[in-house]
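Please open the model in your viewer and keep the selection tool at hand. This tour goes from one selection to the next and says what is there.

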Amino acid sequence: MAVLDLSEVSKSYRTHLSVRRYWILRDLSLSVREGEIFGFIGPNGAGKTTTIKLALGLLFPDGGTVELFGQEASRPEARRHVGFLPENPYFYDYLTGFEFLDFHARLFGIRSPGRRRRVLDLLERVGLANRADRQLRLYSKGMLQRIGLAQALVNDPRLVILDEPMSGLDPIGRREVRDLILDLKASGRTVFFSTHILSDTEMICDRVGMLVKGSLKAVGAVEDLLHGETPPYWEVALRWQGREALPCGRVVSCREDRLLVRVESRPDLHRLLAFLDRPGATLVSVAPARRSLEDLLLREVRGDVVPAAGPESGPQAEEEGMRHAG
Amino acid sequence: MKRARAARTAGAPLAATAGGLILLAALMQMRLDAVVRAGEGPSPLLYLPSGRYLKVVSLGFDPILADALYLWSIQYYSNYRIEDRYSNLEHIYKDIITEIDPHHLDAYLTGALIMSAEARRPDLALALLDKGIERNPGAWILAFDAGYLCYQDLRDYARAGAYFEKALRAPDVHPQVRRFSAEMTNRAGDRRASLKEWVAIHQTSPDDYVRTIAWNHVHDLKVQIDLEDLTFAVAAYRSRAGRLPRRLDDLVPAGLVSSVPLDPEERPYEYEPVAGRVAYGGSRVLGR
Amino acid sequence: MPGRILAIALNTFREAIRNRILYLLLAFAVALILCARALSLMTVGSEEKIIKDFGLATIDVFGVLTAVLLGISLVSREIERRTVLVLLAKPMHRAEFVIGKYCGLVLTLLVNTAVMGLSFFGLLLALGIADRAILLAVVMLFLQFLLITALAILFSCLSNPIVSCMLTLALYVIGHLLWSFDLLKARITSEAGRAICTLLYYTLPNLGNFDIKGQVVHGLPVPAGVIGWAVLYLALYGTGVLLLACAVFRRKELQ
């Protein structure tokens with residue numbers, strides 16, 4: 001069952017003074033299944049945040065339908081089981097961490113006896129239990145992100161929507177968010193998040209949707225998207241103190257006894273690895289330099305910049321679109 | 001597309017309800033206005049503190065405040081339903097508006113007009129104008145207005161003349177004021193001075209029309225003065241000689257006139273020896 | 001639903017209480033009220049009237065300023081700075097947000113007006129010129145603040161903080177000059193002109209309805225009808241404005 005379903009959704013933008021419309025999304029169709037982690041990727045200005053806002057009833061589509069758990073997204077009840085964390089969130093500065101979560105809990109109608117317990121648990125879970133009495137004004141960015149995540153989970157939602165949850169976090173923070181998302185999936189929740197940090201996406205997403213200039217260029221499991229992209233080469237880092245030449249591959253760089261060798265085929269790789277199975281040789285690492293999502297994305301983005309006829313395409317339109325979009 | 005548009009118009013019932021409520025509120029407003037009108041007490045402005053206090057409180061906006069009050073006062077005094085509206089004329093114009101802005105000429109003029117023409121209190125009007133004249137010596141119109149008031153309502157020509165003279169001291173005074181002044185001098189009784197003024201006007205005016213007017217006045221004044229002088233001389237002759245002179249020329253050797261004046265048309269004045277009356281053969285231009 | 005409205009209202013109140021603007025305005029107001037005594041030295045013969053006039057005028061001006069500035073800062077700025085996104089993503093009607101904010105502001109203004117009113121009344125008591133009718137005038141001023149706050153919220157839903165601030169203040173000024181529309185109508189000769197005057201007179205908010213300062217200071221009786229109809233007017237007009245705000249906010253795109 002689709003927890004989030006966008007069907008032929010279009011959204012345009014028009015500044016107050018001009019008549020021209022800028023299309024942010026065009027006939028976007030997207031479906032998120034229960035229990036999956038869906039990564040929504042794309043360059044800045046592609047329309048990711050706009051899509052998320054449409055999903056939450058914060059914006060209204062020009063055309064098409066948006067449904068949450070089978071209900072129209074603009075209806076308040078559709079969001080009962082949804083948690084949301086916006087990008088660069090602004091919260092009420094003057095509230096303390098506890099008050100903030102308590103307020104949001106009240107908005108869900110969570111009643112007094114259990115509410116306090118729930119808030120404390122959440123604070124514990126995001127690691128802010130000892131900062132609960134400080135005003136949000138005094139929180140660091142990482143802390144704000146964490147309290148934001150706590151807020152998104154206050155109603156124990158079935159679907160969690162996160163807009164750039166890892167932006168501005170240090171690697172530790174990013175790791176924590178990744179773990180949280182995986183935890184959520186483990187307990188049966190669905191997570192939909194947008195990001196432009198592709199490495200994280202590859203690691204944790206079940207499915208990925210790639211949005212470029214308002215259209216979905218690719219959607220599916222990561223492996224499927226990169227299917228058929230056999231690695232063109234491997235990079236093998238090794239230490240070889242002997243004098244014998246390596247059986248195959250090309251030395252890319254060399255420093256004292258450390259070598260970086262490039263091997264072009266699988267049989268060659270095996271040959272090299274077998275060679276290293278002798279005294280004086282140490283294998284340091286093998287890195288398949290396969291096509292990644294990043295390559296795919298760059299290809300999709302660059303591929304569209306081939307100019308077509310008509311006033312709406314071209315670099316200026318792209319600029320405009322990016323400025324007004326998500 | 002259709003579903004989106006349908007959702008958009010769903011806000012219409014809310015807006016319609018809002019409109020309905022505002023309509024009902026308008027009804028409440030009408031009832032409120034009715035209550036207020038029924039119990040219409042003295043106007044709130046009557047309880048304004050003094051103008052000097054207002055000037056301080058207005059924080060530099062005194063001209064605007066004076067204007068606003070002036071505008072209000074016009075509306076107030078045009079409202080014939082308020083029966084006792086004249087009871088605070090002086091307070092409003094003299095103590096408040098002109099205190100806030102002493103150079104607000106309209107306030108003086110209109111206030112004086114209301115005071116004299118509608119409230120029939122020329123004394124108040126003159127007091128107001130006096131204040132204006134004192135604070136605005138260059139504004140001849142105030143003195144002129146005061147003079148005109150004395151002339152028209154009080155028929156106090158001497159006082160009017162004094163005001164007109166004050167007005168004449170201003171550098172850019174309207175030339176007609178001089179003519180008024182000259183005429184007031186006449187009305188006040190000093191014909192000779194009046195004649196002098198009219199002669200001066202005649203000589204200095206560049207305008208044919210004005211010169212004609214001046215000449216007319218000079219003409220009649222001369223006749224009046226001459227007749228007065230001659231009648232006086234005839235009477236003096238009679239009391240001295242015991243009889244009326246036979247001819248006007250007889251007055252000269254008697255030393256009562258230095259010479260017998262001719263009338264403006266250069267004819268001798270008519271003299272009727274039996275009754276001793278001197279008369280002018282022509283007709284007075286201004287018919288007086 | 002009422003639970004959510006209450007939660008938002010209390011949160012708004014909490015936000016207002018922790019906002020420095022409120023305290024600055026309040027402190028200034030109370031200081032000015034107490035200075036009324038000094039001002040009365042500048043006049044002759046009507047000290048009591050000056051103190052009462054000045055005190056009521058101060059409460060009026062500062063109440064309006066607080067209503068507008070708080071209303072704009074708590075609603076318009078919130079919408080502009082996107083703090084509102086997280087709230088509206090909850091399962092609640094947008095109208096609950098509007099009404100909750102309004103209730104929170106009303107609560108704040110209540111406290112605010114009470115502080116100003118009581119310190120003023122305290123001064124009057126100390127000077128021996130206290131009169132219960134003054135409290136009635138303060139209550140009527142409070143009603144005026146309620147209407148202004150509703151308008152501030154309506155404009156906040158329509159545009160950015162600065163514009164909505166200007167519009168609200170403009171309507172405040174117009175609202176106090178509506179009595180002149182009647183006079184204007186008498187002088188306009190065209191039927192269309194008169195109709196427009198009448199329409200404007202009844203559609204724009206008539207804030208003069210809540211102004212009984214003059215009568216109270218002079219000890220004149222205030223007819224019960226004046227209070228009664230004014231309250232009804234506020235109830236209907238204010239609700240209308242809030243409903244309009246809800247309607248506008250309902251379809252507002254939150255970029």
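Two strands pair if DSSP finds at least two bridges between them, where strands (E, at least two residues) and helices (H or I, at least four) are DSSP runs numbered from the N terminus. This is a predicted model, in which local features need pLDDT of at least 70 and side-chain atom pairs count only at pLDDT 80 or more, while totals for chains, interfaces and linings use all residues. Residues are numbered from 1 along each chain as its sequence is written, and chains are lettered from A and ligands numbered from 1 in the order in which they are written.

Select chain A, whose secondary structure comes to ten helices and 14 strands, and whose C-alpha trace spans about 75 × 60 × 40 Å along its principal axes.

Next, select strand 7 of chain A, residues 159–163, where five of the five residues are buried (20 or more other C-beta atoms, placed from the backbone, lie within 10 Å of the residue's own). A:L159, A:I161 and A:D163 point one way from strand 7 of chain A, whereas A:V160 and A:L162 point the other way.

Methods:
A residue is buried if 20 or more other C-beta atoms lie within 10 Å of its own, exposed if 12 or fewer, and partly exposed in between; C-beta atoms are placed from the backbone.
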